[in-house]
Amino acid sequence: MTRGRTELRFCALVLIALSFSVFAEDMPWNDIVAKARGQAVNFNAWAGDEKTNAFIAWVGTEVGQRYGIKLRQVKLRDTAEAVTRVVAEKAAGRDALGTVDLIWLNGPNFLALKAEHLLYGPFSAKLPNYRYVDTTHIRSNVVDFTIPLDGFASPWRRAQIVFVYDGARISDVPHSMAQLLAWAKRHPGRTTHPSVRNFLGATFLKQALYELAPDAQQLQEPATDANFAVQTAPLWVWYEQLRPLLWRHGEQFPDNGPAQRQLVNDGEIDMMISFSPAEAAVAQAAEQLPSSVRTVVFDGGTIGNTSFVAIPYNAAHKEGAMVVANFLLEPSTQARAQDYREMGAYTVLDVDALPHADRALFDALPRHPALPTSAELRTPLPEPHPSWMTGIAAQWERRYTK
Amino acid sequence: MGAKMGLALQGVRIALGTHRLVPPLDFVVAPGERVTVMGPSGSGKSTLLAFIAGTLDAAFTAEGRVSIDGDDVTDLAPERRRVGILFQDDLLFPHLSVGENLAFALTPALRSRDARRAAIARALDEAELLNFAGRDPATLSGGQRARVALMRTLLAEPRALLLDEPFNKLDSQLRHDFRRFVFDHASTRGLPILLVTHDAVDADAASGRVIMLGA
Amino acid sequence: MTAPRGAGIVGLFPALTVAAFLLPIVAGLAGTLLPAFGYLPAIGGNALGLDPWRRLIAYPGIATSVITSLSTGFAATLASLALAVAFCAIAHGRSWARRIGGFVAPVLSTPHAAIAIGVAFLIAPSGWIARAISPWLTEWTLPPDVATIGHRSGWPLVLCLVAKETPYLVLMMIGALHQVPARGHVMIARSLGYSSAEAWLKIVLPQIYPQIRLPIFAVLAFSLSVVDVALILGPGNPPPLAVLALRWFSDADIGYYFPAAAAASLQLLLVVFAIVAWRLAEPIVTSVARVWIVRGVRRGMATVSARAGFIVAIALFAGSIFAIAGMALWSIADAWRFPSALPTTWTLGNWSRELASLRAPVSATLLLATAATLIALVLALGCLENETRARHHIGTRALWLLYLPLLVPQIAFLFGTQVLLVKTGIDGTLAAVVWAHLVFVLPYVFLSLADPWRSLDSRYARTAASLGASPSRIFFRIRLPLLLGPVLIACAIGFAVSVGQYLPTVFAGNGRIATLTTDAVTLAGGADRRVIGTYALLQALLPMLVYVAAVTVPACRFARR
């Protein structure tokens, strides 16, 4: 009898020892924070938005004070530049001490890096603040363009398609893509979309595709030769009518979102698509748009996605990068991010599930007439499979680049 | 337009700032006559020629009138005065052949290629350089180039000829020959000549009045 | 480059100089040409083939892209040449002609990107010109839907290039005039009845042309392959070839490297073709010109066109000044909407907000420019001193070598250089970017020093030698002090060239080094004009300040005596 108990105790000890060793493989968070102290983190982030740049600068100050990390924003003209850099480093055999520590990305850029095994991870589960992320209601926090993240990226901010218009100049506001075409017929040359090479521009077409495709469910599956033509046919019929009615007769397009916003500010167009529900409010405060601009969310739902931060496989300062990623998920950081006076980026956290004190931060956020309510935003439509976007973009280039 | 009355200067005064360069000059050079202007360096000889030609630098202040054959040219642009000028450098245009240098001086009124070629040939013949039309000026000797330079000036049919020490770069025998050449051609055409030189031999050969500057 | 060598370390300078800029170019070209044929093992390209070229040709807008590059490149070059010639023809002999250098300095020293940003604001339908005349003249309350920036023909691109290249060619022509007895020839021609402008065009221009041929080719190569100005003003759909190559190099899909390299190689071919074509056309133009010259017309179309060209050149110059002024206004503007001709509210907030984020790019810009210029200066002086001691003149072949960085399109070799830098591990460092800038600063510094150096009266040195001074003593105590003015000007020019570099900083710095120009081009893609204005203004101010210092310092030195 005694022998059996000894064996049992021995087994228990072994099991406990084994479980310890499993945990010993992961560095405890405190060790990561300790190792991160003094590191200089190169945060590669698109620099086309002043507010975001200012927010990142604020993050830099905070992580400097709290964690002793020197955060540096490497300003990108296009996120793809960071991808190129990591690839070039791999091409040259630099598998450690990479110059890119953290990248702000989503969609195609994330997929490119993940597919080539150029990312470090999985790491998002290690971040203590990750438990606050809304992984149930907001699917885009876990699945990026129908591809699961598998922990290789940590969410940062949410985006959803809205349309921003100058209320002083137009009163008949469209509420769908079909209505947009009718509106454009009445006001030719007063709206446009960014170049389809730009993510926002491609999303304009995606949004239309959602509304016009005969079977929107199929968009979650990869596009095949069979269904691509069928699903996109109504889109092109609609676009063929719309394009001559666009700004510059559809021959020229602004390069990106901010360029488009400048057009509204200059009075060249009255209506624009935006990925940021708070853009109207934020821009007004910064005198980048007139105070008469308002936001409209199309009926039937609009596409929403999450953007992330990811760590390249060869990053020199992985621990620092993780600490920064964790800080970005801090409820107070997320609340500050959502404040339209700061950046106006909607949170990825499940606000209702937050502790009371943190939830109060969100309740206290200031309101603005140009800010859409959560009721108006509804549940965002998920991004279609990336093959649809690449297919549409390629088709658009074939048809309209001459 | 008037009858040939030669080159006339009236009350010509040139100063550089406060320094008076050329004292009041009044004289007439009759057609075919040769007048020499002499003086030490810096005495304003070349400046006087520049004034007559119309290319006086803006740093100088000048008064007085210049008239040629009765026409007052003082206020005319240099290209309208029809005053020929020869420098000590022949200044033949190096990118044009000898014949083209001469053609440059021909009047555009002479249109036909043959007429122009004939005029050039005549000029070259006078300079005893008959088959030199296609030659590169750099391949000519100093004396030959000087002759071409004179023929070029004469082909433009000037009404007066200014010579700014043109014989300086030639050795004494060439000098003598070229001097003769210039004076003969000018008198054949009845041109008044104003010669600037510091060489007394030139003045003697000109055998005309001598005006001293800066003395 | 088999120049006889002077003694000692001075003899090393030519070799050092050649290594400094030839190495990156040759390595870079190889590093770009190989992937153009499919060879880049690091990303799976293991065999040579024509697939990248097939993909390049398959791009729907490739023909338009190439035609746009060629047409804008030639148009800009021909127009700048015509305007520069017209300007010089009219300016010859005028009293104010002597001070041209001072006048054009602001435009010359401002980087292309800054002028492009300013021009973009001037000519946009909602831009300054439209605002100035609306609504009182045009009755526009909203901007008209007319394409200017990004027009398919690329005319705004040509406009901006001409505005920058004309003053450059004018300066090159003025420099060439010293070698030719221009005054005498024009005087003779005038005595033969030709107007001053006609005389200049028929007699002086043919003589100085051989000396300005290389600067013209530099302008041609630049106009054909410019990237930063094309990004800001050129058409986007499809863009000129060089921009297309850049886009593909930065594409998230790594497979695009290969057609990108092919596009960059095609760009190189275009430049080579253009230069050869120009050279072949020269004899034809020469024979036609000869007939025109000897026809004897004293005052014809040439004079009229020269006058017109002169006025256009002045107008363009004024436009450039306004372009810079517009950016200055934006930097202190708060709200400025169409159709207000001036900002409605003013603020210094833009500067105070940007101060923090400006510190890094400004110090990087200054550091890079100073380092590159000083190294270039040392190398150039070393080579010139070697030339003097060895009593050997730098030949035409060496001159072509010096011009090489200006003739090879940047996009065609910078990617390869980046790979080289990454392999040697110095990419992203200031040293690498300094080297990349040096490649372009050197030719300008050398060329602006060469003439003053050679025209320095050799009797000073000979007198000093007869008094027992060693060659180094002569160099430091005689030549250098006498050439202080030209040396400082050369520094100012080198400084300006470095400040304006875009692609070299992006590629060699791996994006880690941000300068005023890289940030400005990034922001020009549509961010706040107030922010862009601050950056553009600084881009213009920094080189101008150095230039002013370069001009006034020698004057002060002598005034005190």
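The side chains of C:Arg299 and B:Glu79 meet in a salt bridge in this predicted model, at 3.5 Å from N to O. A salt bridge here is a side-chain nitrogen of Lys or Arg within 4 Å of a carboxyl oxygen of Asp or Glu. C:Arg299 lies in the loop between α12 (257–294) and α13 (301–331) of chain C, and B:Glu79 in helix α2 (residues 78–81) of chain B, so the pair joins two chains. Helices (H or I, at least four residues) and strands (E, at least two) are DSSP runs, numbered from the N terminus. B:Glu79 is buried at 10% relative accessible area, and C:Arg299 is partly exposed at 39%. Buried means under 20% relative accessible area, exposed over 50%, and partly exposed in between (1.4 Å probe, protein chains only).

Residues are numbered from 1 along each chain as its sequence is written, and chains are lettered from A and ligands numbered from 1 in the order in which they are written. Because the model is predicted, local features need pLDDT of at least 70 and side-chain atom pairs count only at pLDDT 80 or more, while totals for chains, interfaces and linings use all residues; side-chain values use heavy atoms, with hydrogens and water left out.

**Salt bridges**

The whole structure holds 42 salt bridges over all chains. Three of them are listed here.

| Pair | N to O distance |
|---|---|
| C:Arg299 – B:Glu79 | 3.5 Å |
| C:Arg337 – A:Glu287 | 3.5 Å |
| B:Glu63 – B:Arg13 | 3.3 Å |

The side chains of C:Arg337 and A:Glu287 meet in a salt bridge. C:Arg337 sits in the loop between β1 and β2 of chain C, and A:Glu287 in the loop between α10 (279–285) and β9 (293–296) of chain A, so this pair joins two chains. A:Glu287 is partly exposed, at 27% relative accessible area.

Within chain B, the side chains of B:Glu63 and B:Arg13 meet in a salt bridge. B:Glu63 belongs to strand β4 (residues 60–68) and B:Arg13 to strand β1 (residues 7–16), so the pair ties together parts that are 50 residues apart in sequence. B:Glu63 is partly exposed at 47%, as is B:Arg13 at 34%.

**Chain contacts**

Two pairs of chains are in contact, and chains A and C share the most contacts. A contact means heavy atoms within 4.5 Å. Chains A and B have no contact; their closest C-alpha atoms lie 47 Å apart.

A:Arg248 is in the loop between α8 (225–242) and α9 (257–266) of chain A. A:Arg248 is buried, with a relative accessible area of 5%. Leaving aside residues up to four places away in sequence, A:Arg248 touches A:Glu268, C:Pro125, C:Pro144, C:Asp145, C:Val146 and C:Ala147.

C:Pro60 is in the loop between α2 and α3 (62–91) of chain C. C:Pro60 is partly exposed at 35% relative accessibility. With residues up to four places away in sequence left out, C:Pro60 touches A:Glu397, A:Arg398 and A:Thr401. The C-alpha atoms of C:Pro60 and C:Pro238 are separated by 8.7 Å, although the two residues are 178 residues apart along the chain.

**Helix α4 of chain A**

Helix α4 (residues 80–91) has twelve residues and reaches 16 Å from its first C-alpha to its last. That is close to the expected 16 Å; the expected span is 1.5 Å times one less than the number of residues. Nine of the twelve residues are buried, including A:Val83, A:Arg85 and A:Glu89. A:Gly93 follows the helix, and its phi is positive, near 85 degrees.

**Backbone details**

The peptide bond from A:Gly121 to A:Pro122 is cis, with omega near 0 degrees. A:Pro122 is in the loop between α5 (107–115) and β4 (143–144) of chain A. Another cis peptide bond joins C:Phe338 and C:Pro339, with omega about 0 degrees.

In chain B, B:Glu157 has a positive phi near 50 degrees and is exposed at 53%. B:Ser207 has a positive phi near 45 degrees and is exposed at 57%.

**Confidence**

Chain A has a mean pLDDT of 86, and 94% of its residues reach 70 or more. pLDDT is the predictor's confidence in each residue, from 0 to 100. Residues 17–25 of chain A fall below 50; beyond near neighbours in sequence, this stretch has zero contacts in the model.
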